Amino acid sequence: MPARPTRFQHAALAWLLAGIAVPALAQTSLPGDASAGASATAASSIDVAQVKPAVDAAVNAEYGQLDALYKDIHAHPELAFQETRTAAKLAAEMRKIGFEVTEHVGKTGVVAVYRNGAGPTILVRTELDALPMEEKTGLPYASHVRTKWRGEDVGVAHSCGHDVHMASWVGTAKTLVALKDRWHGTLLFVAQPAEETVSGAQSMIDDEFFKRFPKPDYAFALHTGPGPYGAIVFNSGPITSNSDGLEITFKGRGGHGSAPDKTIDPVMMAARFVVDLQSVISREKDPQEFGVVSIGAIQGGSAENIIPDSVLLRGTIRSYKPAVRQKMLNGIRRTAKAVTDMSGAPEADIKITEGGKAVNNDPTVVARTEAVFKTAFGNDRVLRVPPITASEDFSAFVDAGIPSMFFFIGANDPQAYFASLKPGAKPLPINHSPLFAPVPEPTIKTGVTAMSLAVLNALQWNTASGQ
């Protein structure tokens, strides 16, 4: 029988997602973690052996309701800043638990506060929004929702796991309130809109979030990914990438497809740009530094025999370091200019929209929480990984000065997952795939248990200013 640590470490190595890529395993402590580890052992912490059975009992008692909530949310997804039904449902759930609830924060966001005496204030965040894509899982609770997105009729699906996050968020609130005789402090539960457009967290902050609600001492958030359920992975320091949105319009002169010499063809310019741009990545960027530019949408023309006047490209830019980001931005502008000059076309319209900054996990918070996770779940299921290539606007809360931790939980049946890693086997669907289908139980239970233990542990610490 294979040793369990080997299998779960192999799982972490293979968590290669579109949006949650875990490219390698860093099981050992990272540079600079020694002092954090020392402070973690010295800090107050919960007795996991005593607390976890109570958490498990609470989670088991409430799971039926959480499963129903998850499937309802999954079947009724809503896009960024349109999450009115979802937000209202979560607000109602939190009021039933006993939280003070404020709706419409940052348009569709929800903030729920539970005060239980003097102590730290802990922020727990979930996302509300879904993706503009058709679900193809065939599940009995699959989404059949359609809506308009950027002028197009599209399906809507929770193909990134936010529905699991919301069920775990509500479950954590239920669990913590059920165990309120074991802790003192304030819970600040945040359901943010528009994570997929990396703009919802900032929208809440711009709506005076930090003036209207208690200032958090610590913050936590989780995310699902294709990996064996029961596994938890994270990093100390950076855990996600910087992101920028790219939109370029190439302008030409339209005409008949049979007479291209009478036109300036923007389709040709767009095609040349998409190919030539990758030389910036392969020939100008240091190959040891992370940087990606991907074009995800090309829109132009209406018929096969008409050369259009313009073509619109949309893409995403990802990086860890500011210098690499700037090199790519310069290369994008230079490549676009070269393409238009070559075609004798007007200068392209280039719009670069700054998105989410990298999420930086606080080393002390990570070390203290990691100790609890390893005791609760086992060393083989709790792993450190390098930064992922996806982006997350949870960073907006972190960058406001809140020591935080963002971690991932596996969402697949382990047997099916490990079978998918064998040579020639069909890989399992990943986040943002129309076939992505987390196993609700025990994925949601893992999310609730892990987050509840993390928060209960943090409630034992002094405030951030007095660590």
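User: Which strands does helix H5 lie across, and at what angle does H5 run to S3?

Analyst: First, the basis. This is a predicted model, in which local features need pLDDT of at least 70, side-chain atom pairs count only at pLDDT 80 or more, and totals for chains, interfaces and linings use all residues. Residues are numbered from 1 along each chain as its sequence is written, and side-chain values use heavy atoms, with hydrogens and water left out. Now H5: residues 162–178 lie across S2 (109–116), S3, S6 (185–192) and S7, at about 150 degrees to S3. Angles run from 0 to 180 degrees between N-to-C directions, with axes fitted to C-alpha atoms, for helices over the stretch in contact. Helices (H or I, at least four residues) and strands (E, at least two) are DSSP runs, numbered from the N terminus.

User: Why is H3 called oblique to H13?

Analyst: H3 (residues 48–75) and H13 (residues 440–458) pack at about 135 degrees, with axes 9 Å apart. Under 35 degrees counts as roughly parallel, over 145 as roughly antiparallel, 65 to 115 as roughly perpendicular, and the rest as oblique. H3 is therefore oblique to H13.

User: What makes up the contact of H3 with H13?

Analyst: Contact means heavy atoms within 4.5 Å. The residues divide into 11 nonpolar, 3 polar and 6 charged. Nonpolar covers Ala, Val, Leu, Ile, Met, Phe, Trp, Tyr, Cys and Pro; charged covers Asp, Glu, Lys and Arg; the others, Gly among them, are polar.

User: Why do S1 and S17 count as edge strands?

Analyst: Two strands pair if DSSP finds at least two bridges between them. The open sheet of 8 strands has the order S1-S2-S6-S3-S7-S18-S8-S17, with mixed pairing. S1 (100–105) and S17 (382–384) each have a single partner strand, so one side of each is left without a neighbour in the sheet.

User: How many bridges join S3 to S7?

Analyst: There are 4 bridges between S3 (residues 121–127) and S7 (residues 218–228), and the two strands run parallel. Val124 stands opposite Phe220 in S7.

User: What is the strand order in the sheet of 4 strands?

Analyst: The order is S12-S14-S10-S15, open and antiparallel. S12 (291–299) and S15 (349–354) are its edge strands, each pairing on one side only.

User: What share of the chain is buried?

Analyst: Buried means under 20% relative accessible area (1.4 Å probe, protein chains only). Of the 467 residues, 54% count as buried.

Technical notes
Buried means under 20% relative accessible area, exposed over 50%, partly exposed in between (1.4 Å probe, protein chains only).
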